[in-house]
Amino acid sequence: MKKIINKVEDIVIEMCEGMVKAHPEQLSFNKKYKLITRKELNKNKVSLISGGGSGHEPAHGGFVGKGMLDVAVCGDVFASPSTIQVYNAITKTESNKGTLLIIKNYSGDCMNFDGAAEMAEDDDIKVEKVYVNDDVAVKDSLYTIGRRGVAGTVFVHKIAGAAAEKGHELLKVKTAAEKAIQNVRSIGFAFTSCTVPAKGSPTFTLGDDEMEFGVGIHGEPGIAREKIVSADELAEKMLNRIIVDLPYESGDDIALMVNGFGSTPLQELYLLNNSVNKILENKNINVYKTFVGNYMTAIDMSGASISLMKLDEELKELLDYPSDAPAFKV
Amino acid sequence: MKKIINKVEDIVIEMCEGMVKAHPEQLSFNKKYKLITRKELNKNKVSLISGGGSGHEPAHGGFVGKGMLDVAVCGDVFASPSTIQVYNAITKTESNKGTLLIIKNYSGDCMNFDGAAEMAEDDDIKVEKVYVNDDVAVKDSLYTIGRRGVAGTVFVHKIAGAAAEKGHELLKVKTAAEKAIQNVRSIGFAFTSCTVPAKGSPTFTLGDDEMEFGVGIHGEPGIAREKIVSADELAEKMLNRIIVDLPYESGDDIALMVNGFGSTPLQELYLLNNSVNKILENKNINVYKTFVGNYMTAIDMSGASISLMKLDEELKELLDYPSDAPAFKV
Amino acid sequence: MELFNEKIQQEKDYLTQLDTPIGDSDHGNNMSRGMTYVVEAIDTQSPDSLEALLKIVTANLLSKVGGASGPLYGSAFMGMLKTYQEGESSWRKILQGGLESIQKRGKAEVGDKTMIDVWAPVVLALENDGLTDEVIDEAVEATKPLKAKKGRASYVGERSIGHIDPGAYSSALLFHAMLEAEAE
Amino acid sequence: MELFNEKIQQEKDYLTQLDTPIGDSDHGNNMSRGMTYVVEAIDTQSPDSLEALLKIVTANLLSKVGGASGPLYGSAFMGMLKTYQEGESSWRKILQGGLESIQKRGKAEVGDKTMIDVWAPVVLALENDGLTDEVIDEAVEATKPLKAKKGRASYVGERSIGHIDPGAYSSALLFHAMLEAEAE
Ligand SMILES: Nc1ncnc2c1ncn2[C@@H]1O[C@H](COP(=O)(O)OP(=O)(O)O)[C@@H](O)[C@H]1O
Ligand SMILES: Nc1ncnc2c1ncn2[C@@H]1O[C@H](COP(=O)(O)OP(=O)(O)O)[C@@H](O)[C@H]1O
Ligand SMILES: [Mg+2]
Ligand SMILES: [Mg+2]
Ligand SMILES: [Mg+2]
Ligand SMILES: [Mg+2]
C-alpha cells in the first residue's frame with residue numbers, strides 16, 4: 001500500500017485538518033467529534049448536516065460552506081460516524097429553524113443518524129431527515145433496505161443548501177431535498193479496487209481487461225464483473241440503466257455529474273463526459289449544467305460514476321444559487 | 001492499460017470536447033488547431049495564451065476564463081503544440097493591447113511558441129513571452145536550458161490573468177508574470193509512473209516501497225529513486241529543497257499549492273497539506289492562500305507536487321482578484 | 001469483556017476478511033477500535049457492578065464506533081442494561097433484552113443474514129438450557145446460504161449467498177467469550 | 001521520403017523506447033504521426049520537383065508536429081529548401097543548410113546529445129565524400145556516453161549518460177533512407 005500517510009490511525013484527523021487548513025476562512029474543525037463546520041453559522045437558517053464514513057473526499061467536508069452544508073460529520077474510513085458524533089453536530093449547530101440531516105442510505109449511517117436525531121429530539125431540537133438512495137445498480141425492493149446513496153448526494157446537498165440559505169422553513173427545505181432525491185439517479189463502475197488503509201490491501205481484484213459494473217462507493221460489488229469496453233459503449237451502458245429508471249425523457253432538462261472515484265484522471269473524466277453528452281444529445285435530453293471532477297470518491301478506486309438529476313424551474317434556481325463550498329463553487 | 005478511451009488517436013480531441021461541453025457558456029473549441037478559447041474575448045485587454053502538451057488536465061483548458069487565460073493551445077499527449085497551432089491561437093485572439101505567451105520551459109514548447117511569436121510579429125502583432133521554470137529538482141546551470149516548468153505555472157496564469165483583466169498594458173502584465181515566476185518554486189514526487197496512451201505501458205517502474213523524488217510532470221526522472229517515507233518526512237524533504245532555493249524566509253507570506261499528479265486521491269493531498277502546514281508554521285512562513293487539488297497532472301501518475309510562491313502586496317491583490325476559470329475559481 | 005476483546009483483536013483480520021466479499025472491509029477494524037476503547041474505559045473506571053460495566057460498554061460503543069456495528073452493539077448492551085435494571089438477572093432474559101433492542105434499532109428479522117441470526121438461536125438455546133459452543137458455531141455457519149436483506153450486504157443481493165455474515169461471526173465471538181468466562 | 005516514413009513506422013516503438021529513460025516516451029509517436037501526414041500530403045499533392053517536395057514536408061512538420069521534433073525537423077527541411085532555392089544542389093550544401101537551420105532554432109552544439117550529433121558528422125562525411133551507413137551508426141552510438149545539455153534529456157543531468165539520444169536515432173533513419181534511395 002503506497003499512500004501519503006503517517007499512521008493509519010491518524011488518517012482521518014490529519015486529512016480533516018489538512019482540509020480545514022486549506023480553507024481557514026471558511027471552515028473549522030472539532031477534533032473530538034470530527035466535525036467540519038462552517039465558521040459563520042447563521043442561527044436564522046435551517047442547519048444542514050451530512051456526513052458519513054471518510055474516504056469520499058472532497059465529500060463531505062468540501063461541501064461545507066455558504067449555500068451548502070453547515071456541518072460534515074466525519075466517520076472513520078468507510079464507517080459511518082457514531083451516534084454521539086452526529087448528536088454533537090446537531091446540538092452544536094442548533095438553529096431557530098431546526099435541522100435537516102442528509103443521510104446516505106446505508107444501515108450504519110441510518111442507524112447512527114436516526115439515533116442521534118432521537119437524542120436531539122429529546123432535547124427539543126427540531127430535526128428532519130432525508131435519505132439519499134440514487135444508485136440504480138442496486139435492486140430496489142420492499143423487502144430490503146433499498147438502494148445505496150452515492151454521488152447524487154452532492155446534488156441533494158446543493159439543492160437543500162440553497163433552499164436553506166434562502167431562509168426557507170425546515171419543511172420546505174426538506175421538501176426541496178426530497179425533490180432532488182426523487183429526481184436523481186446514478187451508476188458507477190470500477191477499473192481497480194480501492195485500498196482501505198486499515199486493511200492495507202485491495203478490497204477486490206480485477207483482471208487487466210475487467211471492470212466491476214455497478215460498483216458502490218465503498219468498493220461494494222456491483223451488478224457484474226465484465227470486460228472493459230470503449231468510453232462510448234461504457235457511457236451507453238451506464239446511461240441505459242439510469243435513463244429507464246426514472247425515466248428521463250426526450251425534452252427533459254437535467255443536471256449531469258461525471259464523478260471520479262479517486263484515481264481516475266480528469267483527462268478520462270472529460271472524455272467520458274464527451275461520450276455521455278453525445279448520447280444525451282441523441283436522446284434529446286438537455287444538459288442544463290455539468291459537473292466533471294472528483295466529488296464523491298472511493299478512496300483511491302479507479303473508475304467513475306454518472307449522475308443525472310431531472311430539473312424543473314425550482315430545482316434549476318436552487319442549483320444556480322451561489323455556493324462557496326470549497327469543492328462546489330457555483 | 002485501463003483507461004476510459006475510445007481510440008488512442010482521438011483522446012485529445014474527445015477530451016477537449018468533453019471539457020468544453022462541461023462549460024459551454026464559457027469555453028469554445030477550435031478542433032482544427034485544438035484551441036480552447038474564452039467565448040467572450042475582450043479586445044481591450046492583453047490576450048493571454050498558454051498551453052503545451054495534453055495530459056496535464058485540468059491544465060491548460062481549465063484555466064481559460066475571465067481573470068485567467070484567453071486560449072489554451074492543446075498539443076498531443078506530452079508533446080508541445082506545433083508552431084502553426086500556436087500561431088493560430090495568437091492571430092485568432094489578437095487584441096489592441098498585444099499578446100503574452102506563458103510558456104513552460106521545455107525545448108519543444110519554447111521552440112514552437114517562439115517560432116509562432118516570430119510569425120505573428122511578421123504580421124505586426126505585439127507578442128511578449130515569459131518562460132516558467134519552477135522545478136527545483138532540476139539543476140539550474142548556464143550551460144543547459146535551465147529548469148522545467150511545472151505546477152507553479154498555474155500561479156503564473158493566475159497572476160498574469162488578473163493583471164490582464166485589470167486592463168494593464170502588455171509590459172505591465174509581462175512584468176507581473178515575471179514577478180510570479182521569480183517567486184515560485186516547486187518539487188514533485190511519484191509513487192507510480194504515468195502511462196502515455198500511445199505507448200500503452202508505464203514510462204517507468206518503481207518497487208512497492210520506492211518513489212521517484214523530484215519527478216517531472218511527464219514522468220521524467222527526478223533527483224533520485226528512494227524508499228518511500230511518511231507524509232511528514234516527505235513534506236519535510238520537499239520543503240527543504242524548495243525553501244533554500246529562493247529562499248523563503250521567516251515572516252514571508254506565501255501562496256501554497258499541493259498539486260496531485262492525477263491518480264492520488266484528495267484524501268492524501270489534504271493529509272500532505274496538513275504535514276506541509278505544520279512545517280511552514282514552525283518556520284514562521286505564513287500561508288496566505290492554499291490550493292489543494294489536481295491542477296497540473298501527469299496523466300494518471302500517482303504522486304504530488306508542492307509549490308510555494310512568495311507574495312508581496314501586488315501579488316496578493318492579483319491572486320485574490322476574481323477568476324471564473326472552471327478549474328481555478330477565486 | 002476482556003475475553004471478548006481478546007478474541008476480537010485476535011480475529012480482527014478475519015472479521016475484515018468476512019466483510020470483504022459482501023461488505024466494505026471494515027468490520028474487524030470497527031469492532032477492534034470499539035473494544036479497545038471499551039477495555040480502556042473499564043481499566044480506568046474499574047466498574048464494581050454489572051450495571052456499571054454495561055453502562056461503560058454502551059456509552060463507548062455509541063460514542064466511539066460508527067458503522068452498523070456501533071449502534072447495533074450499543075443498542076444490544078443498552079437493552080441488556082435496561083433489562084437488568086428492570087430486575088432481571090438471568091442471562092437468558094438479559095440477552096433477550098439485548099436482542100430486542102438490536103431488532104428495534106435495525107429492524108432485521110431472523111433469516112436476513114445479520115447478527116440477529118446468531119443472537120436469536122443463542123437466546124433460544126438458553127431458554128432450553130443448552131447453549132454450547134457448537135450451537136453458536138452452527139448459527140454462524142447457517143448465515144452462509146442466506147441472501148442478505150439488511151445491512152450493506154443486502155446491496156449485493158444474490159451475490160451475498162455463500163458468505164458468512166461478519167456481524168454474525170463477531171457476535172459469536174461475544175458468546176464464546178461469555179461461555180468461557182462462565183466456565184472459569 | 002517514403003523510405004524514411006517506412007523506417008520511422010517500423011522503428012516507432014524503438015524510438016519511443018529510447019525516449020523513455022531520458023525523455024517523455026513520445027518521440028516515436030511524434031515522428032510517426034508527422035511522417036504519416038507528410039506521406040499523405042505527398043500522395044495527394046504529387047510534387048513534381050524537389051522544391052515542391054521540401055515545401056510540403058516543411059509545412060506539414062511545422063503544422064502537425066509539436067514537441068521538439070516538429071520545429072526542429074521543420075526547420076531542417078526549411079533550411080534545406082532555402083539552400084536549394086538559393087541555387088545549391090549538392091546534398092552536402094543542402095544538408096548543411098538544414099543543419100544550420102536546426103542550430104538556429106535549437107541553439108544546440110555538437111556534444112549536447114541531440115540530433116545535431118548525427119547531422120554534423122553526416123555533413124562532415126559528405127564534405128570528405130564518405131557518407132556510409134557505418135558513419136551514421138557510429139554517430140548515433142557516440143551520443144550514448146554524452147551528458148545531455150539541450151532538450152528534455154538535459155533535465156535528468158548525469159542520468160542521461162549511457163542512453164542513445166532518440167532524435168539522433170531518428171535522424172540516422174533519415175540519412176539511412178537517403179543513402180538507400182540514392183543507391184536505387
Ligand atoms: N439492520 C441490521 N440489523 C442487524 N444487524 C445488522 C443490520 N445491518 C447490519 N448488521 C450487521 O452489521 C454487520 C456489519 O457491520 P460493520 O461492517 O461494522 O458496519 P458497516 O456495514 O456499516 O460497514 C453485518 O455483518 C450485520 O451482521
Ligand atoms: N535544442 C535542441 N537542438 C537540437 N535537437 C534537440 C533540441 N532539443 C531536443 N532535441 C532533439 O529532440 C529529441 C526529442 O524529440 P521529441 O521526443 O519528439 O520531443 P520532446 O522532447 O518535446 O518530447 C531529442 O532526442 C533531441 O535529439
Ligand atoms: Mg463500514
Ligand atoms: Mg514530448
Ligand atoms: Mg463493514
Ligand atoms: Mg519526447
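Me: How many salt bridges does a search of the whole structure find over all chains?
Reply: The model is a predicted one, and side-chain atom pairs count only at pLDDT 80 or more. A pair qualifies when a side-chain nitrogen of Lys or Arg lies within 4 Å of a carboxyl oxygen of Asp or Glu. Over all chains, the search finds 66 salt bridges.

Me: Which residue forms a salt bridge with A:Glu118, and why does the pair join two chains?
Reply: A:Glu118 lies in helix 3 (residues 107-122) of chain A, and its partner lies in helix 5 (residues 91-106) of chain C, so the pair joins two chains. A:Glu118 is partly exposed, with a relative accessible area of 41%. The closest N and O atoms are 3.2 Å apart, and the partner is C:Arg105.

Me: How many residues apart are A:Asp320 and A:Lys289?
Reply: A:Asp320 and A:Lys289 form a salt bridge, with the closest N and O atoms 2.9 Å apart. The pair links distant parts of the chain, A:Asp320 being in helix 8 (residues 313-320) of chain A and A:Lys289 in strand 11 (residues 286-293) of chain A. A:Asp320 is partly exposed at 31% relative accessible area, and A:Lys289 is partly exposed at 26%.

Me: Are B:Asp76 and D:Arg33 buried or exposed?
Reply: The side chains of B:Asp76 and D:Arg33 meet in a salt bridge at 3.2 Å, N to O. The pair crosses between chains, from strand 4 (residues 71-77) of chain B to helix 2 (residues 27-45) of chain D. Buried means under 20% relative accessible area. By that criterion, both B:Asp76 and D:Arg33 are buried.

Me: Which residue bridges the magnesium ion (ligand 3) and the magnesium ion (ligand 5)?
Reply: The magnesium ion (ligand 3) is coordinated at 2.1 to 2.4 Å by A:Phe78 (O), C:Asp24 (OD) and C:Asp26 (OD). Ligand 3 and ligand 5 lie 3.5 Å apart, and the bridging residue is C:Asp24.

Me: What is the relative accessible area of C:Asp24?
Reply: Because buried means under 20% relative accessible area, C:Asp19 at 8% is buried. C:Asp26 is buried as well, at 6%. C:Asp24 is also buried, and its relative accessible area is 2%.

Me: How far is a polar side-chain atom of C:Asp24 from an oxygen atom of ligand 1?
Reply: For C:Asp19, a side-chain N or O atom is 3.0 Å from an oxygen atom of ligand 1. For C:Asp26, the distance from a polar side-chain atom to a ligand oxygen is 2.9 Å. For C:Asp24, it is 2.8 Å.

Me: Which helix gives the largest share of the shell around ligand 1?
Reply: Residues from chains A and C surround ligand 1, so the site is shared between chains. Of the 21 residues around the ligand, those that come nearest include C:His27 and C:Asp165. The shell divides into six nonpolar, nine polar and six charged residues. The largest share, three residues, comes from helix 8 of chain C.

Definitions and conventions:
Residues numbered from 1 in each chain as written. Chains lettered and ligands numbered in written order. Predicted model: local features only at pLDDT ≥ 70, side-chain atom pairs only at ≥ 80, totals over all residues. Heavy atoms only, no water. Buried < 20%, exposed > 50% of the residue type's maximum accessible area, 1.4 Å probe, protein only. Donors = N, O, S within 2.8 Å, 3.2 Å for Na, K, Ca; no water. Helix = DSSP H or I, 4+ residues; strand = E, 2+ residues; numbered from the N terminus. Near = heavy atom within 4 Å. Polar contact = N/O pair within 3.5 Å; in protein donor to acceptor, adjacent residues only side chain to side chain. Nonpolar A, V, L, I, M, F, W, Y, C, P; charged D, E, K, R; others polar.
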